[in-house]
Amino acid sequence: MREIYGRAVTGVLSALAVLCVGAGGAPAAEPIKIGSFLAVTGGASFLGDPEKKTLEMYVARINEAGGVAGRPIELTLYDSGTDAKKAASFVKRLIEDDKVDIILGGTTTGETMAVVPLVERAGIPFISFAGAGVIVEPVKKWVFKTPHTDGLAVRKIYEDIRANGHSKVALFAGSGGFDKSCRKNAHELAGKYQIEIVADETHGKGDTDMTPQLTKIKNTDGVQAFLYCGFGADAVVAAKNYRQLGLALPHYQSHGSASKRFVAGTGEASEGMRLPAAALLVAKQLPDSHPQKKLALQFEADYEAKYNEPISTFGGHAYDGLMIAIGAIERAGSTDPEKVRAEIEKTTNYIGVDGIYNMSPEDHLGLDTNSFVMVEIRDGDWQLIE
Amino acid sequence: MRRRLATPRTGGLLALAVVIAVLPAFLPNNFYFDVMILVGLNAIVCIGLNLLVGYAGQISLGHAGFFGLGAYSSAILTSTYDWPPIAALLAGAAGVGLLAFAVARPIMKLRGHYLAMGTLGLGIIISIILTQEVDLTGGPDGMPVYGFSILGWEPSGVLVWYWIVGGLLLLTVWLALNIVESPVGRALRAVHGSEAAAQTMGVDVVHYKVLVFVVSAVLASIAGSVFVHYIGFVTPSEAGFIHSIELITMVVLGGLASIYGAVVGAAILTTLPQLLTFLHDYEMLGFGAIMMGVMIFLPRGLVPTTARLLRDRTR
Amino acid sequence: MLTEFLQFLLSGITVGATYALVGVGFSIIYNASQVINFAQGEFVMLGGMMTWFLFDAAGLPLAVAVPLAIAGTVVVGVALEKFAIEPARNASIVTLIIITIGASIFLRGSAQLVWGRDFHAVPALSGDAPINLSGVALNPQSLWVVGSTLVVIVLLHWFFSRTMTGRAMRAVAFNRLAAQLAGVNNRRILMFSFGLSAALGALAGVLIAPITLTYPDVGIMLGLKGFCAAILGGLGYPYGAIVGGLIVGISEAMTAGYISSAYKDAVAFVIILLTLFFMPNGLFGRRGVERV
């Protein structure tokens, strides 16, 4: 019974593998195989979904335009369901079975960190779309990432808090990986910016009411600013409860809330809130001299035309990852993993959606706080402040 | 001799050993080995769980908690405290065994859905602790775990891991068969899991249930320990509610009160997500539909139903 | 100090009322069929998502969208009973649990496919402006949640004690065979109970969507908490589920407020476990007699 089953599985899996190769193998030139695993479903699906859409759209476009150096791109994309174990399994499949040349993806930090040992061992270039700094600090030979880190966001927020003459901050964070990493950074960086954290509360995933925690913050003496670490629907509930309790301190959230859905979900409650975001969010307001303006407007127009939904900055991580990978493959003139890796590391002055990247052997992200702009929500829209 | 081979005790074990020995010849590359290793680890947990659910009639919706505790014991003791992996594995198993023993009596007093709630609550409490104690466990993003070694020997490569897990699986099946065939196990089966009837026959039901609960928890913990060393990484979702549900689904899908059913259930549910990737956006929908369909049309599970069909035909 | 306490209590009652509504759904289905329906949380999700879709995307007024969403969820609930539970009537408890879990995955997958994976906002029934009661801030939607729960309790009481169908349902819960002999149509009762729980779940979804937003996964946690409420109160006791829901909600809020917000969910589960250790059939459950 089991043997038969084992054979059946082997048979079906290999048939599928043949199908995949067969579908992409029609053109004469050998395709460049890009493998990807994203949290298209599960807890981080609102991040993974735009990432998937962006990758698929631009791979199709590049192939229509003749591919990279005459070679078409073959994208193999798996849904990890926001599960680190599944992510590890799919990355093994990408490496061993699909034999991809480069891996892009990993929507969350947990998924990314679970596959880091695998790509390091296999020696395949890997560009992650996940947030936390731990992915590239310390530097790992084969691992790169495109999104701003939560540490950068906290720095940008602290700069703004100090610029407004405040120093006593109340911190409120969720229980997810991003939330906890952001909270940790908020604690660690506080000293450097002469900021004192006077209240520190957390909430659970999917909580429907956070007024008890916020009541405690409200009753804490001397708070001058409020910082929330988290994203998604939880961030909306936090913002609404904050307003419900009549708290009127300057309210900061992270770039995790930089989406139109967040503004629509919070309505009135997010008026006056400030957050650091990629320039993409306020592309139209940027001065014409801003180097990212043209690209950002183009990306926004392309995405919204194709998918008929407002843009978020999350798709930008995928765009930058794809373009950095393609740039490196073009410069390397092959898909040799060591050459491609070395070229990714040499990425300089690449003007992306998320910022201007300058990678180096010591820095596998290549962004600084200048890649963020500070925005304020006014009348339900983003307003660039500087 | 022929008769002996036909009993599940020796015949089935032998057949399983042959399958495990022959399978590598059909696996084209490391990815397939990886899937089979995960199948083996899940099967170990499911055999223990099936002893509890299928034979002792006690539902558990929190077994991933024990798996997670085993996984984190190994991860923390080896990575943070530099314990030898085998000592960490044993310490984890012992700790989980003690915990299971401590909670077994009050929990085993509960029945039916109350028991489901009790075990579910226990599993969730464990996963919350693993998520919240960031300094110890790395929090929701998990923590890396370094290699495994037994007396200085370090298994490397999937083939070695395949044999380790295959051996452990055979050992587990053998152990489970012995428990099932023990006097208490047989008595309980003879009365179709009815406790009152077993008790009137003078069977110490509570003792048996506690024993099976502890054994199943320890098996889950060992599988968790081996899992982290193989994967090299662990996140709290290993201990989570959804993983618990996956485990119980494997057991029911393969067939309650069937040790080989647990193996088949684990094999199917572990490979299914890999097989369904071609469905893309329809993957989740398809997965749910298959789960419902199998349980509606084969409510007794795959192995018992198939076994009955075969028996009817030979008759 | 007192306002702080009242604020926590208010939060607990609002959250607890939603758990209660979901929990009552568990109890009703359990009474009719002995089945624990793990897709109960998905009824909550469907209520919210359909309301959003009909109101926002299809442009219907809220007064039309809400009843339609509830009706739509009832159709799903009845279909679930007809096509998934009924054919497996004689299966074991665990098998039925797995079927309903399969159904919950199926419904989530369908919702993602039809409406996407993003979260959506539904407008509050009477605005967002908080009401200030001498220092305690109250979200008007909370009043809707708590008020509706009260109305549901009254209606259910009337239904179970005064109507033919309601009494038949109680009879089935008490003794299925005897009820059948007395002429009660078990199959109709079963279908009706799924429809009724779907309606209650959807109502909860409609009411809390303005507070929590709505998205395909919103039902997972709420379904789990509803199950807690039903078990804590004693399975098969709809009023017990309401008390259970309030206990879980209030203990979460108090833990978050006074002890540790990181462990508030764990504390709720510890309370449930301890209760069950001393009262193995929940707060109001009868001591069951095992059928040999």
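Author: A residue is called buried if 20 or more other C-beta atoms lie within 10 Å of its own, exposed if 12 or fewer, and partly exposed in between, with C-beta atoms placed from the backbone. Helices (H or I, at least four residues) and strands (E, at least two) are DSSP runs, numbered from the N terminus. This is a predicted model, in which local features need pLDDT of at least 70 and side-chain atom pairs count only at pLDDT 80 or more, while totals for chains, interfaces and linings use all residues. Residues are numbered from 1 along each chain as its sequence is written, and chains are lettered from A and ligands numbered from 1 in the order in which they are written.

Helix 8 of chain A covers residues 233–244. Helix 8 of chain A is mostly covered, with twelve of its twelve residues buried. Among them are the charged residues Asp234(A), Lys240(A) and Arg243(A). After helix 8 of chain A comes Gly246(A), with a positive phi near 75 degrees.

As for the wider setting, an automatic or database domain assignment divides chain A into domain 1 (26–149 + 300–370) and domain 2 (150–284 + 371–385). The C-alpha centres of domain 1 and domain 2 of chain A lie 28 Å apart. Their contact (C-beta atoms, placed from the backbone, within 7 Å) takes 22 residues from domain 1 of chain A and 21 residues from domain 2 of chain A.

Methods: Contact = placed C-beta atoms within 7 Å. Expected span 1.5 Å × (residues − 1).
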